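Let's take a walk through this structure together, one stop at a time. Have the sequence and the 3D view open as you read.

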Amino acid sequence: MYFRPATIGILLTLGLLNACQMTKPTAPNSLPPPAAATAAAPADPNAPLYQSAAFTLYADRLVQGPHTARAVSRTQLTSDYKSPANAFQSPQVNFKFSLNGKDNEMPPGQDHVFMALPTTQNGAPGATLETPVIVFGRPFVDRRPVPANTFLAPNTPLRIRLDMRPVLAAFQKQGFYQLYNGQKLYQADFKHVFVAGNTTPLSWDFDNLINKPQLELKDPDGNGIYEAILVLNAHSDAKTTAAEWRQTLDTSEFPQYSSGHPLPDALYNLALEEGKGAVEADGTFRTGKEWAGVWTRDISYSIILAQAILQPEAAKTSLLRKVKNGRIIQDTGTGGAYPCSTDRMIWAVAAWEIYQVTGEESWLKQVYPIIKQSITDDEQNAYDPATGLVRGESSFLDWREQTYPKWMQPVDIYQSENLGTNAVHFQANQVLTQMAAQLGDTAVAAHHQQLAATIRTGINRHLWLPEAGRYAQYLYGRTFPTPSPRAEALGGALSVLYGVADASRADSVLARTPVMDYGIPCIYPQIPGIPPYHNNAVWPFVQSFWGLAAAQVGYEKAFLHSLATVYRPAALFLTNKENFVASNGDFAGTQVNSSNMLWSLSGSLGLVYKGLFGMQFEPDRLVFRPFVPQALRGTRHLTNFKYRGAVLNIELSGFGRSIWSITLDGRPLPDAAVPATLTGLHELVIQLDNQLPTPRPVNQVAHHVSPMTPAVSYTKGRLSWAPVEGAQAYQVLRNGQFAARTTQPTFDVPVPTGYTEYQVLAVDKDGYEGFASEPLPVDAGKLRQQIELADRASKSALPYQGATGLGFLEISTTRHKTLTVKVPVPAAGRYAVDFRYANGNGPINTSNKCAFRTLRDAAGRQLGTAVFPQRGVDEWSDWGFSNPIVVSLPKGVQTLTLAYEPANENMNGEVNQAMLDYVRLTQVE
């Protein structure tokens, strides 16, 4: 294969050159490719194209158990699918109570248990069941046996009764109630009582209880007994989806696809129709049937997959809707969004995709300063010089409890460093490098090329797991981070696609990342006690990126598995759903779902354009690197494909990933590349060589749930924790490193000689690890000092409780914009600096009012960013700590400055506020 020098430079930078398959010479051959006659023959309609233990895909239908989806024609589908979501459900209801939507009643692993069994006392079936009056904080366990083959009936009413009188009495006596974890809930902050649990409509997603009023308990008569009546096992999803889909919109302006396989052809047309219908009257994309408006990450991933090709004007309008003050908007995320969440930079990759498709210089010049300013802010707020990685929440996995241990607060998520988010930032810097080079800004190009290289090195140094042969989910912890060995699907796919992984590691990632019968789960193994959404779920858009990574590396089985697992739900449900349960493939049972999801349908289309036809858009050309699995052999056509000033009718024959011949209007096409200068109507014919790459396995695994996270305490030289169900052993970590393995729920610790943190994680019989427990400092008091802030500046007169010493002070966009503190450093060394703070401007899981400031030393050098995320709506007496900033300090009185700088503007722009109690200095080395 011949590459021009400029192209070689780009490919080497991206790390993609080794991943590109070789093509045969493109001159027309007098001889047919090997097995050409067999490859061109129509497939037997009764022979499976793909088969697994869960379902079988045929040319014209898909069969899953008793259900069949069928293509009546290329524009008509039928399905008899019925959801099993509320059948065969256990009558055991596990639940906890929650004050203000937080997991604060009892320690992890300790629940109330009630058997929802009709009895003679309860009356006839359908009568309301009732729990006894349960005292807050005291576990109730219903020990009635469950008869064999007894299940929870759909639509079972249950009255839950809670005795809150001990809590209310504590409010009256001392003004606060001390929770099991030692925190104080002040009476002024008490707003709501909820119930969380394992049975629909209950959910263990504490962060979102505030959005589910049916789960709130009330005390209408004021006697201290709170009640709620729930209807159990009443799924909001219909038991059946539509029985038929017929195309009703004219999609003839888009590329038309035919493959000789009626079902994939019809699913292509379904995705086209849903994509056309997703454009709103204002020219922006609607995210999904249930999701109005434009969402930064959703629209960006959709554009990258297909919408830059199909609807570039709507793509541009949508991206520009997500810009404020010349910066990309982080519209969702934990703790008040940015900078706890930082994956907004996928916007840059989408903007570059539009440029490569359209070639519009005006678009390039418009988006370049936006991307440049956004990354510049991120450099100051989120880039970690110690690891070379970028801090912030997992890209798109933005429900805290779905992918993080429960002990992790938003500030811990900010401190973590995630695979997918770092792959996004790597590619965003690559994009900015190429944009700057295109516009002649050589200094910017060099700087961001170096940033990209630093991130790539950081990922491969800190997140690669040699024994697992793939990347870790993220680094997490506090002062001493440790990798979470869970697999993360999107991060793995992007690491391969964007060239973070070299050829050897890309092979390993594709071969060793776990996938399941119904698709690749967002994470693996699953987290116990968390219902499906990101946990125990497959998202078709993620599956599509995984499929494109498989095609790039040449994994036929993985690519075919991806195609089949994207086709299956769309065929059975007759729409492109957002997600489905990984363990059973059902659309019902996930926490939130929607039909007509833009990134799902875009993924289905992208597998055709970028997978089967292998389209790779570059600034000055369109390159073809097709890959057709043998099961899908034959001839396929893509007509009316618009590329800049040209219209292409494309014919692709055979199977494999090496081109035997490629012609444009009957003439050989050098480098399999259509130049950007081409205009008019043209015929492009590609013949593959009907040879498969070396067979590679797929790591197909069964559903698996990891052990729970231990809750560890320390007393008199010993760590202890409650035994974890299913644990065969426990690993003890000291300062983020392996210290010991034990089969007992205790561990004697040596007398610490310096700052020491311990964590414990459970390991099951199959070797899967649970999350490590919350870092527990041992005897750290002698290494710590706290400096009150209220006596360093004017303290606040606001009536919030729980501060120590003289009170607290307020920081905002107008108050204490610069705060200077002198701290006595007893000895030269490494110190963790953090602040005790409160932020009641919003809930833990939504809104945009995370406060943050830049910390500098007396010489003006940046030491880090102190982040003060939201802790609850109007909960100003709920105090916690900011992220620890580890710095080297000399002995003596040192001057630290906490300042509100231009880069510290959050996504709200106006409210950037927190209350500060004291600064804490801890010697860690």
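Start at Asp103, which is buried, with a relative accessible area of 18%. Here buried means under 20% relative accessible area, exposed means over 50%, and partly exposed is in between, using a 1.4 Å probe and protein chains only. You'll find Asp103 in the loop between strand S6 (92–99) and strand S7 (112–115). Asp103 touches Lys96, Tyr180, Phe206 and Lys406, leaving aside residues up to four places away in sequence; a contact is a case of heavy atoms within 4.5 Å.

A quick word on what you're looking at: this is a predicted model, in which local features need pLDDT of at least 70 and side-chain atom pairs count only at pLDDT 80 or more, while totals for chains, interfaces and linings use all residues. Residues are numbered from 1 along each chain as its sequence is written, and side-chain values use heavy atoms, with hydrogens and water left out.

Now zoom out. The protein holds 17 helices and 53 strands. Both kinds of element are DSSP runs numbered from the N terminus: helices are H or I with at least four residues, strands are E with at least two. For 925 residues, a compact globule would have a radius of gyration near 29 Å, and the protein's 29 Å agrees with that. That radius is taken over C-alpha atoms, and the globule rule is 2.2 Å times the number of residues to the power 0.38. Along its principal axes, the C-alpha trace spans about 90 × 80 × 55 Å. Of the 925 residues, 61% are buried. As for contacts with a separation of 6 or more, 73% of them come from residues 24 or more positions apart.

Helix H4 (residues 262–276) has 15 residues and reaches 21 Å from its first C-alpha to its last, close to the 21 Å expected at 1.5 Å a residue. That expected span is 1.5 Å times one less than the number of residues. Since 13 of the 15 residues of H4 are buried, H4 is largely enclosed by the rest of the structure.

Helix H11 (residues 419–438) has 20 residues and covers 29 Å from first C-alpha to last, close to the expected 28 Å. H11 is mostly covered too, with 18 of its 20 residues buried. Look at the start of H11, where a side-chain oxygen of Asn418 comes within 2.9 Å of the backbone nitrogen of Gly420. Just after H11, Gly440 takes a positive phi of about 80°.

Three strands form an open sheet in the order S27-S28-S33, with antiparallel pairing. Its edge strands are S27 (615–618) and S33 (673–675), each pairing on one side only. The twist averages 20° from one strand to the next, with axes being lines fitted to C-alpha atoms (for helices, over the stretch in contact) and angles running from 0 to 180 degrees between N-to-C directions. S27 and S28 (residues 621–624) pair over four bridges; two strands count as paired if DSSP finds at least two bridges between them. Phe617 has Leu622, in S28, as its bridge partner.

Phe617 leads us to another residue, as it is among those touched by Val357. Val357 sits in helix H7 (residues 346–358) and is buried, with a relative accessible area of 7%.

What about Ile787, buried or exposed? Ile787 is buried, with a relative accessible area of 4%, and belongs to strand S42 (residues 784–788). Ile787 and Arg920 are 133 residues apart in sequence but 6.4 Å apart in space, C-alpha to C-alpha. Among the residues Ile787 touches are Val821, Val823, Tyr918 and Val919.

The peptide bond from Tyr338 to Pro339 is cis, with omega near 5°, and Pro339 lies in the loop between strand S17 (327–328) and H7. The bond from Tyr524 to Pro525 is cis as well, with omega near -5°. Lys716 has a phi near 50°, a positive value in a residue other than glycine. Lys716 is exposed, with a relative accessible area of 82%, in the loop between strand S35 (712–715) and strand S36 (718–721).

Notes
A polar contact is a pair of N or O atoms within 3.5 Å; within protein, one must be able to donate a hydrogen and the other to accept it, and residues adjacent in sequence count only if both atoms are side-chain atoms.
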